[in-house]
Amino acid sequence: MTKTLRRAKAALPAAMALVIVATTVGCGNKAPNIVGFTGADVLGARVVLGEPPGGQPKAVLLLVHGGGWQRSDAGFEEQKVAAKTFQQLGYATVTIGYDAGAKGFQQVLAVYRQARKRWPDLPVCASGISAGANYSLMLATREPDLTCVLALSAPTDLTTLAAQDPSGQEAYDAAVTAFGANQLAKFSPVRYANKIKAKVLLVGAEGDPTVPAAQSEELAKALPGSQLLILPPGPDRAEFAHYGGVQPGAQDEVIKRDLDFLNSVIKGN
């Protein structure tokens, strides 16, 4: 797995980070109201919980890192930074660090179920980038009460990644390593689009060197009512997701679209 895929970039830049109020499960920290997020309950996943200042969150957001369906300390840390901003905006956050392959998805699933128990009356959404977006969408195929999904540069059909565009070969190889060639369809959310009840926002980039934008477009066609944003190509220095070039200002556009989407979903629009 190459440097590009290992360093799948967080969608919200570190410059937006503010103050976090969180507890790490399994690291010896103790804090109130952590019941249900012990290591056994979440199959050994790393979990950081965050609350908005003053408590009383308006919704819950699960943050799922990228990194080729492998454990990624860097990706986990980046999502912890993104969580700080969402907390300031009134969200409770659950940042998830998962293990490699199919076990990683089972951990995401277990964390979601504990989050639903902890906040039974709040909307719960999942946000992921790259492999994390894939897991977030797969979560929606399994959990009809998931409220929404923010999916950035999501591999949606692992079986077609390499054939669809040469840029997908790297992600295809990573998927084979994670799941095995005969299991790719099982982890392709487009194959289960009819089971997704959550509201979905798909964001891709024409210049993405790892996950073709056609992956987002394919799921959007299979999922009526989903929202789709495809970023046009731009200079290499304007980075998004897998370090593919996008237009200057694209990061700000994605952030605004994400927040508008979340607000609309929470208001029931």
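Visitor: What makes two aromatic rings a pair here?
Guide: Rings of Phe, Tyr and Trp pair if their centres lie within 6.5 Å; for Trp the six-membered ring is used. This is a predicted model.

Visitor: Which residues form the aromatic cluster?
Guide: One cluster is made of Trp69, Tyr98, Phe105, Tyr135, Phe179 and Phe187.

Visitor: And how many aromatic pairs by that rule?
Guide: The count is six. Phenylalanine 86 and tyrosine 91 form an aromatic pair, with 5.9 Å centre to centre and 90° between the planes. That pair is edge-to-face.

Visitor: Are those two buried or exposed?
Guide: Phenylalanine 86 and tyrosine 91 are both buried.

Visitor: Switching to helix 8. What does it span?
Guide: Helix 8 covers residues 250-266, 17 residues in total. From first C-alpha to last it reaches 24 Å, close to the 24 Å expected at 1.5 Å a residue.

Visitor: Which of its residues are buried?
Guide: Ala250, Gln251, Val254, Ile255, Asp258, Phe261, Leu262 and Val265. Down the axis of helix 8 they fall within an arc of 140°, so they line one face of the helix.

Visitor: What sits on the face turned away from the buried side?
Guide: Asp252 and Lys256, which are exposed.

Visitor: What follows helix 8?
Guide: Glycine 268, with a positive phi near 85°.

Visitor: Now alanine 140. Where does it lie?
Guide: Alanine 140 is in helix 4, residues 131-142. Its relative accessible area is 0%, so alanine 140 is buried.

Visitor: What does alanine 140 touch?
Guide: Leaving out residues up to four places away in sequence, alanine 140 touches Leu146, Val149, Lys195, Ile196 and Ala198.

Notes:
Residues are numbered from 1 along each chain as its sequence is written. This is a predicted model: local features need pLDDT of at least 70, side-chain atom pairs count only at pLDDT 80 or more; totals for chains, interfaces and linings use all residues. Side-chain values use heavy atoms; hydrogens and water are left out. Helices (H or I, at least four residues) and strands (E, at least two) are DSSP runs, numbered from the N terminus. The expected span of a helix is 1.5 Å times one less than its number of residues. Buried means under 20% relative accessible area, exposed over 50%, partly exposed in between (1.4 Å probe, protein chains only). The arc is that of the directions from the helix axis to the C-beta atoms. Contact means heavy atoms within 4.5 Å. Rings of Phe, Tyr and Trp (its six-membered ring) pair if their centres lie within 6.5 Å; planes under 30 degrees apart count as stacked, over 60 as edge-to-face and the rest as tilted.
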